[in-house]
Amino acid sequence: MDKERLYAKLKKAADELEQQVTERTRELRRTAHFLENIINSSHIAITAIDTEGRFTLFNRGAEEMTGYSASEMLGHRIPPGFVSGSDQTREVERILSEQGRVENQEATFHRKDGSTRNVEYYMSALQDASGKPIGTMAMAVDRTAQKRLLTELVRAERLAGVGQLASGVAHEFNNLIAGLRGFAQLAQLPGKENRLRELPDMVLTLTDRAREIVDRLQYFSQSADKPDDEVDVLAVLTQTCSLAERDLVQQGVRVTLPTNPLPLILGNAGTLSQVFLNLIINARHAMPDGGALTITAEEQPNSVTIAFKD
């Protein structure tokens, strides 16, 4: 009798345990399904790779962003050339290994159809319960449209800057044209044969001046879409100040430029010139009765700081 009661109790306990396991399994499945729906309904690209570099997660946002289907990517490695910049990739891997996460990084994705997307991405190392690395999760946001709008905004600001400089540049070219015209008229006068020997040197001086003006404009007109390159900050600053020189002089603004040597930086000369010009124009507007604009430059451990003080 005792054995029967014991058996009944054990069976009841087993049934209750089985029911709890069944309910817990259903709950976990519902949670997993819920999380899967969230991940797949997100427009953000969410992916995960294992320690062998093979995709274990590739949501619909990633499919839309890259043009690859999940079935093409799951269990496979990242396609060659999928992300631009091998040097940047190595740096990201270094930061990820040291800090366990990477934030606010930019990259260019090459889609399956050959087009590109500018993205901002975040990465985090994945670990199991014991702390053992099991892979990496990444989330990427498509910033292509925003970057295009930013490029258009920079272009519009550049055109506004050209408008600010147009009268000064036109005045300089008018002076050069007037000089060349005067030399031509001088050559037409009788009895000026000796004077003609000096004309070529005078003409060369004026054409050199014209070339200097064009060189300044070239710094200013470089496209913001151009890849970053080594830039001489002081050269860009000097050229930009030269473009605005006439307006500054007319308003009685004296400019002091830095003379200390600076290292080359990685950037876009045209974009820097636009930024410098906007600051110079703002300083000029802040001093309607003239004044002093002091520009200083300081080398930092991993950057260069340029300061404008009116």
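A: Helices (H or I, at least four residues) and strands (E, at least two) are DSSP runs, numbered from the N terminus, and on that basis the secondary structure of the protein chain comes to 10 helices and 10 strands. This is a predicted model, in which local features need pLDDT of at least 70 and side-chain atom pairs count only at pLDDT 80 or more, while totals for chains, interfaces and linings use all residues. Residues are numbered from 1 along each chain as its sequence is written, and side-chain values use heavy atoms, with hydrogens and water left out.

Q: Why is Phe276 called buried, and what is Phe308 called?
A: Buried means under 20% relative accessible area, exposed means over 50%, and partly exposed lies in between (1.4 Å probe, protein chains only). Phe276 has 5% relative accessibility and therefore counts as buried, whereas Phe308, with a relative accessible area of 22%, is partly exposed. Buried residues make up 27% of the 310 residues in the protein chain.

Q: What makes the rings of Phe276 and Phe308 a tilted pair?
A: Rings of Phe, Tyr and Trp (its six-membered ring) pair if their centres lie within 6.5 Å, and planes under 30 degrees apart count as stacked, over 60 as edge-to-face and the rest as tilted. The centres of Phe276 and Phe308 are 5.9 Å apart and their planes stand at 40 degrees, so the pair is tilted. Because Phe276 lies in helix H10 and Phe308 in strand S10, the pair ties together parts that are 32 residues apart in sequence.

Q: What makes Phe55 and Phe58 an edge-to-face pair?
A: Their rings are 5.2 Å centre to centre with 85 degrees between the planes, which makes this aromatic pair edge-to-face. Both Phe55 and Phe58 are buried. A search of the whole structure finds two aromatic pairs.

Q: How do you know that the length of H10 agrees with its number of residues?
A: The expected span of a helix is 1.5 Å times one less than its number of residues. The 18 residues of H10 should therefore span 26 Å, and its end C-alpha atoms are 26 Å apart, which agrees. Among the buried residues of H10 are Ala269, Phe276, Leu277, Ile280 and Ile281.

Q: How are S9 and S10 paired, and which are the edge strands of their sheet?
A: Two strands pair if DSSP finds at least two bridges between them, and strand S9 (residues 291-299) pairs with S10 in the antiparallel sense over six bridges. The open sheet of three strands has the order S7-S9-S10, with mixed pairing; its edge strands are S7 (253-256) and S10 (304-309), each of which pairs on one side only.

Q: How are S1 and S2 joined?
A: Three bridges join S1 to S2, which run antiparallel, and the bridge partner of Thr47 in S2 is Phe58. Their hairpin has four residues between the strands, and in it Gly53 takes a positive phi near 85 degrees.

Q: What makes a set of residues a nonpolar core, and which members of the largest one touch the most others?
A: A nonpolar core is a set of buried Ala, Val, Leu, Ile, Met, Phe, Trp, Tyr and Cys residues joined through side-chain atoms within 4.5 Å. Of the 21 residues in the largest nonpolar core, Phe58, Phe109, Val119, Tyr121, Met123 and Ala140 touch the most other members. A second, separate core of 17 residues includes Leu248, Phe276, Leu277 and Met287.
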